[in-house]
Amino acid sequence: MQNNRNKILLSNKQLETQKFQNSSYINKNNNNINNFRDRNIEQSQINFNENNKLNIFSNLHKRNTYSSNKNKSNISEIHSKNDIDLSSLNDKNPIKKYKNNIHKNKNKNKIQTEKIKPQQKLKEFYFETRIFLMLVLFRFINSISIKTFFVPDEYWQSVEVAHNYVFDYGYLTWEWKKKIRSFSYPFLFTLPYMILKYFNLDNTDLLIYFPRIVQVFIAALCDLYTYKLTKKYFGRNAAKWALICSMLSWSNWNILVRTISNSIETSLTVMALYYWPLKKPKNNSVPISDLMIALALAAIACFFRPTNGIIWIFLGITILFQYRKSLKALINIVYGVLIIFVITLIIIIGIDKFYFNEWVISPWNFVKFNIIEKISVFYGYNSWHWYFSVGLPFIGYTFLVFMIPGVIMSKFNILFYLLLWTVGVYSNFVHKEYRFIYPIVPIIFFYSGHCLDLISKYDKKIKSFIWKNIWKSMALLVITNIPLAYYITIVHQRGVMDATIYLRKEIHQHENADGILFLMPCHSTPFYSYIHKNITLDFLTCEPPIGEKNIKSYKSEEDFFYEDPKYFLFNHYSHNIGNTTITYPTDGKYETLLEMPRKNWPNYIVFFNNIYDDIKYIFENSNYKEVKRYYNSDFNTPKRRGNIIIYSNIDSIENN
């Protein structure tokens, strides 16, 4: 008995010793784990449960709290349990288990992120698709609501050229005779005309509206990529405000849906800016796929408008400077530029070869005539600061109020520097029009959206809806832009469009109508692309002084007419009009006629009211009567002042 008692006491002592050793080991490991967790505080966000981590030790501690005065049977059970727990403790280091759990959780999160990322992209794609469809509807309404004339290029350098190609009659300006324009832009409108021709719908109003549908989609892309560009660098909320700015803008409402190359140039520019690596990635690599897309879009824009290259010269220098320390990156960039340049050059030369039936590099001819030889001076001269003092404030308008703070509060200013560069370079050209700097307009909305986003965030502190600054800002933009957009697209220079549509209907109603004479500044109205009848359409030409040394002293046909309308008609047109003979003076310069072929008077004569007193004598005692008079505009150049008057003798001819 005594021996058994000694054995029990010995075993109890061993048990107590093991308990003490286990407790010390547990405390030591607990301290190590806590220290490890403190050093890796960022990894502790994986939501590892500290209580579960130490379950093995807490269970061990509980099992070792049994009293030594238990039965012999219980003592053996305690030994067996302790043996098992100690072996498991030696097999697995708790710190290693913690690291392994972190690694497993990281992998799980990574897999979940990879699964979520495509879903987010798909969701974003559907969202942007809905935005695009909404914008298409918005720009379609925008397109059909425009009733005014903007600039001649809207017709004479786009749909007029396409009409001439598809229907085999029309008028081509000197630019096409000298091959300084590429057929790539008018080519977009040939398909709509071909469809109308094939289905015999070309005598309907679809002839006028169908080409606009093409431009509607191009305009919607401009709005969409203004949104995407802003979201990429300032976030979705700023992008929302930038899109609102783009839709509210009077200049976008007036220009973006018109069939003019500046519109598609602007759309392609903002699309290319979205893909262009304006920020250097953290891994210092070149996003070559995005860069190639941007280069392709930029190249197409340059073929439509060669002066668009001004934008990409700046960005090209910038990206080369960003990657100046990486030879591999520089080689990839230059290689990409060369590939895109060669491919697009081949395409554009191929299109022009197809149209002109000879090898032509039209962008070079454009630069040669307009910039090197300065032929564009013939169409107007402006002071060097005109774009800064007039052009930019006019197209930027009240959005500049928000753009400037947006630039100041942003650390991302490369697009602002691009804006200044573009306007600065264009300022060196003598002939200036505000539509030439139109491609920078999305940059104005880019920074305006950022500013409005900051205003909306500040307004969260203001409880009263009335005192929120964002609605005051929007009220300013609405009040200043919508009335101007209405006036420019519904009122200003509407008469020339109303007159052209009236003449289109008249010509198709009267089979005997033989022609129309426009005694007004050259290219004041649409031409065959609206009238759409193969009859004689005549106007006062304004061909530039190509090959002339003294450009300033050169005079076009239009200049000679406005110097002395009566004497011009005396020399250029028949002295018989309708059923009577025109009475001219017989003295002075009227004593002899200039030796030139004289034209017959057509059935319709169109002119501005400002020359009525100079030409009314030709209608005296004739069968020509005033049939229509249209209001045109309140503000215009001296040659385009007054209402538009239409005289005709078609009714008297048919009645007889």
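A residue is called buried when its relative accessible area is under 20%, exposed when that value is over 50%, and partly exposed in between, with a 1.4 Å probe and protein chains only. The model described here is predicted, so local features need pLDDT of at least 70 and side-chain atom pairs count only at pLDDT 80 or more, while totals for chains, interfaces and linings use all residues. Residues are numbered from 1 along each chain as its sequence is written, and side-chain values use heavy atoms, with hydrogens and water left out.

We begin with the chain as a whole. Of the 656 residues in the protein chain, 50% are buried. The secondary structure comes to 27 helices and 7 strands; helices (H or I, at least four residues) and strands (E, at least two) are DSSP runs, numbered from the N terminus. A contact is counted when heavy atoms lie within 4.5 Å. Among contacts between residues at least 6 apart in sequence, 76% join residues at least 24 apart. The chain exposes about 33700 Å², and carbon and sulfur atoms supply 59% of this area, as computed by the Shrake-Rupley method with a 1.4 Å probe.

The interior comes next. In soluble globular proteins, nonpolar side chains tend to be buried together. A nonpolar core is here a set of buried Ala, Val, Leu, Ile, Met, Phe, Trp, Tyr and Cys residues joined through side-chain atoms within 4.5 Å. The largest such core has 161 residues, and those with the most contacts inside it are Leu315, Leu415, Leu519, Leu569 and Trp601. Helix α9 (residues 206–234) gives the most to this core, with 13 residues. Leaving aside residues up to four places away in sequence, Leu315 touches Leu273, Trp276, Leu278, Ile414 and Leu418. A second, separate core of 6 residues includes Trp176, Tyr355, Phe356 and Val360.

Two strands are taken to pair if DSSP finds at least two bridges between them. An open sheet of 5 strands has the order β2-β1-β5-β7-β6, with mixed pairing. Strands β2 (536–539) and β6 (625–630) stand at the edges with a single partner strand each, so one side of each is left without a neighbour in the sheet. Direction ignored, neighbouring strands of this sheet are turned by 15° against each other on average, with axes being lines fitted to C-alpha atoms, for helices over the stretch in contact, and angles running from 0 to 180 degrees between N-to-C directions.

Within this sheet, strand β1 (residues 515–519) is mostly covered, as 5 of its 5 residues are buried. Gly515, Leu517 and Leu519 point one way from β1, whereas Ile516 and Phe518 point the other way. Strand β1 runs parallel to β2, with 4 bridges joining them, and Gly515 has Thr536 in β2 as its bridge partner. Another 4 bridges join β1 to β5, again in parallel; here Phe518 is partnered by Val606 of β5. The pairing of β5 (residues 604–608) with β7 (residues 644–648) is antiparallel and comprises 5 bridges, with Tyr604 standing opposite Ser648 in β7.

Helix α16 (residues 362–372) has as its buried residues Ser362, Pro363, Asn365, Phe366, Phe369 and Asn370. These residues cover an arc of only 160° around the axis, which puts them on the same side of α16; the arc is that of the directions from the helix axis to the C-beta atoms. An α-helix has 3.6 residues a turn, so residues three or four places apart point the same way. The buried residues of α16 pack against α7 (174–177), α13 (288–304) and α15 (327–356). After α16 comes Lys374, whose phi is positive, near 55°.

Several loop residues complete the picture. Ile440, in the loop between α19 (414–426) and α20 (441–458), is buried with a relative accessible area of 1%. Not counting residues up to four places away in sequence, Ile440 touches Leu392, Leu419, Thr422 and Val423. The C-alpha atoms of Ile440 and Ile395 are separated by 9.7 Å, with the two residues 45 apart along the chain. In the loop between α8 (187–198) and α9 lies Asn200, which has a positive phi of about 55° although it is not a glycine. Asn200 is exposed, with a relative accessible area of 65%. Asn357, in the loop between α15 and α16, likewise has a positive phi, near 65°, in a residue other than glycine, and is exposed at a relative accessible area of 62%.
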